[in-house]
Amino acid sequence: MKAIIAVNNLGFIGKGDKLLWNNKKDLSHFKRMTIDATLLVGHRTAQSLPFLSKRELIVVDRRDHSTLHYYDVDWCIGGKVTYEKFCKYFTELHISHIDNNEIGDVTFPNLHNLNPECKVYNYHF
């Protein structure tokens, strides 16, 4: 499974279950990368998403992952707890660095269990 995340200059990924920015280039990048894919997303993050056409969402509950087959998922798209819980399965991590200095309430996840063979790709918007 691959993962895609956006983070600002201060290390924040969101505030109030929403992104801190509206970066059209990053949103276009997200769409291009995840179109026609199966996306893994946490419950709270899923509630804040707009309709994502041509993508299937698998919404995970924080408490029970026993029925989830991570190998059926193309992309993990967050939130923070979902990234942390599933990072051991990531084969690729795509990080969008957004030139933004807003203060949020959700910071970049702790990926200390990241698959050591995971390839990391960085983008700057």
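Predicted model: local features only at pLDDT ≥ 70, side-chain atom pairs only at ≥ 80, totals over all residues.
Ground rules: local features need pLDDT of at least 70, side-chain atom pairs count only at pLDDT 80 or more, and totals for chains, interfaces and linings use all residues. Residues are numbered from 1 along each chain as its sequence is written, and side-chain values use heavy atoms, with hydrogens and water left out.

Let's start inside. By nonpolar core I mean buried Ala, Val, Leu, Ile, Met, Phe, Trp, Tyr and Cys residues joined through side-chain atoms within 4.5 Å. Buried is under 20% relative accessible area, exposed is over 50%, and partly exposed is in between, with a 1.4 Å probe and protein chains only. The largest core has 17 residues, and Met1, Leu40, Cys76, Tyr83, Phe90 and Leu93 have the most contacts inside it. At least two residues each come from β1 (2–8), α3 (80–86) and β6 (92–98); those are DSSP runs numbered from the N terminus, helices being H or I with at least four residues and strands E with at least two. β1 gives the most, three residues. There's also a second, separate core of nine residues, including Phe30 and Trp75.

Now, β6. Five of its seven residues are buried, so β6 is largely enclosed by the rest of the structure. Pairing here takes at least two DSSP bridges between two strands. β6 runs parallel to β1 over seven bridges, with Glu92 as the partner of Lys2. Six bridges join β6 to β8 (residues 119–124), also parallel, and there Ser96 stands opposite Tyr123.
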